[in-house]
Amino acid sequence: MILHHWDTDGICSASLLMDKYGKQENFTPKIGNYFLDDEDLSALRNYDRIIITDMNLANARELCDFADVTIYDHHIAKRVECAEHINPYLDGKSYPSATLVIYEKLELPLDHRIILGMVGDVGKKILERPEKEIVKRYLKKSGRSFEEMESAALLLDSSYKMFKRQEVLDNVFTADDLDAILNSEKLRKNQETLEKEIEALVSEAEDIGKLTVLKMRTEHHIISAVAREIAWGMGKTALVLNEKSDRDEIYLRSPHTDVSKYIDLAKSRGYNAGGKKEVVGVVLPRGEGRRFFEELREDLS
Ligand SMILES: [Mn+2]
């Protein structure tokens, strides 16, 4: 059983692992959950061998109660002692993708999946990192363009953005064929729907001086894409609230200011929060988003 993240890097990592460990069943936590809930755990209880990739699951240890666990990852993480834990971060090394960890560790041939993992996770910025040499080597060898890599990563990411968990799982079995990704009718349809929706939402954003704010309601997993469009398009800090049927989400992105202190503020309120210097993502119980959104708006104004 291979348990993986729902994004391009997770899909490509699972596909690479199947080359090594054989075709097998795969699983992803519910989209948006960085942990296994009770339903997930009981579904996994039938497996005595589980490989986790591209996810730092809060409760991975629980799998060791019934399975041999191996982890291939690149996130900031603490060592899971009961598992075979392969993550260069544990030795202080930062890798742009889990696909690159797997590529090196298992000495696999270089193909598009290794590149897609990196492009999916870090985008164009990969061309400013030392790993750009690997990207260039692949593009030269294959005759493909960097733009094709970007398109394929967006297409694979469209499944989780549309909240299609089964489609994410299915994508693992076509990810070894780059043309199958690029020509997939269903993925293209997803992408079209998402682009239209993002464009419509971005046009609703309100410019209030130092800040651009947006309150929206969508079930799709696009808050980060919407905030990025607003922040980069307007050149201002973007603050976005999404009120979903089961939870509220807040996303803050600044093109120039360090906003990471708001991660701790959100955590101190008991909310789920994460991010980096320039981005903050917060998940709140349904109905609690508005108050925190107004507080952030005031503080940032
Ligand atoms: Mn990743």
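**Figure 1. Strands β10 and β11 run antiparallel and are joined by four bridges.** The model shown is predicted; local features are described where pLDDT is at least 70, side-chain atom pairs count only at pLDDT 80 or more, and totals for chains, interfaces and linings use all residues. Residues are numbered from 1 along each chain as its sequence is written. Helices (H or I, at least four residues) and strands (E, at least two) are DSSP runs, numbered from the N terminus. Two strands are said to pair if DSSP finds at least two bridges between them. β10 and β11 form a hairpin, with three residues between the two strands. A273 has V282 of β11 as its bridge partner.

**Figure 2. Six strands form an open sheet with mixed pairing.** Across the sheet, the strand order is β6-β7-β8-β9-β11-β10. β6 (206-207) and β10 (272-275) are the edge strands; each has a single partner strand, so one side of each is left without a neighbour in the sheet. Strands of a sheet pair through backbone hydrogen bonds, and the pairing may be parallel or antiparallel.

**Figure 3. The hairpin of β6 and β7 has three residues between its strands.** The two strands pair in the antiparallel sense over two bridges. D207 stands opposite T212, which belongs to β7. Within this hairpin, G209 takes a positive phi near 95°.

Figure 4. K215 stands opposite L241 of β8. The bridge partner of L239 is L252, in β9. Helix α10 (residues 223-234) packs on the sheet and touches β6, β7 (211-216), β8, β9 and β11 (279-285). Contact means that the C-beta atoms of two residues, placed from the backbone, lie within 7 Å. The direction of α10 makes about 155° with that of β8; such angles run from 0 to 180 degrees between N-to-C directions, and the axes are lines fitted to C-alpha atoms, for helices over the stretch in contact.

**Figure 5. Helix α12 (residues 289-300) has 12 residues.** From its first C-alpha to its last, the helix reaches 16 Å, close to the 16 Å expected at 1.5 Å a residue. The expected span is 1.5 Å times one less than the number of residues. G289, F293 and L296 of α12 are buried. They cover an arc of only 65° around the axis, which puts them on the same side of α12. A residue is buried if 20 or more other C-beta atoms lie within 10 Å of its own, exposed if 12 or fewer, and partly exposed in between, with C-beta atoms placed from the backbone. The arc is that of the directions from the helix axis to the C-beta atoms. An α-helix has 3.6 residues a turn, so residues three or four places apart point the same way. Among the elements that cover the buried residues of α12 are β8, β9, α11 (261-268) and β11. The exposed residues R291, E294, E298 and D299 lie on the face turned away from the buried side.

**Figure 6. The largest nonpolar core contains 45 residues.** Within this core, I52 and L116 touch the most other members. At least two residues each come from β1 (2-4), α1 (8-21), β3 (49-53), β4 (68-72), α3 (98-105), α4 (112-122) and α6 (146-161). The greatest contribution is that of α6, with seven residues. A nonpolar core is a set of buried Ala, Val, Leu, Ile, Met, Phe, Trp, Tyr and Cys residues joined through C-beta atoms within 7 Å. Not counting residues up to four places away in sequence, L116 touches T8, C12, M149, A152, A153 and L156. A second, separate core has 31 residues, including A227, L252, V259 and F293.

**Figure 7. E107 and F163 each have a positive phi although neither is a glycine.** E107 lies in the loop between α3 and α4, and its phi is about 50°. With 8 C-beta neighbours inside 10 Å, E107 counts as exposed. F163 lies in the loop between α6 and α7 (165-171), and its phi is about 65°. F163 is partly exposed, with 16 other C-beta atoms within 10 Å.
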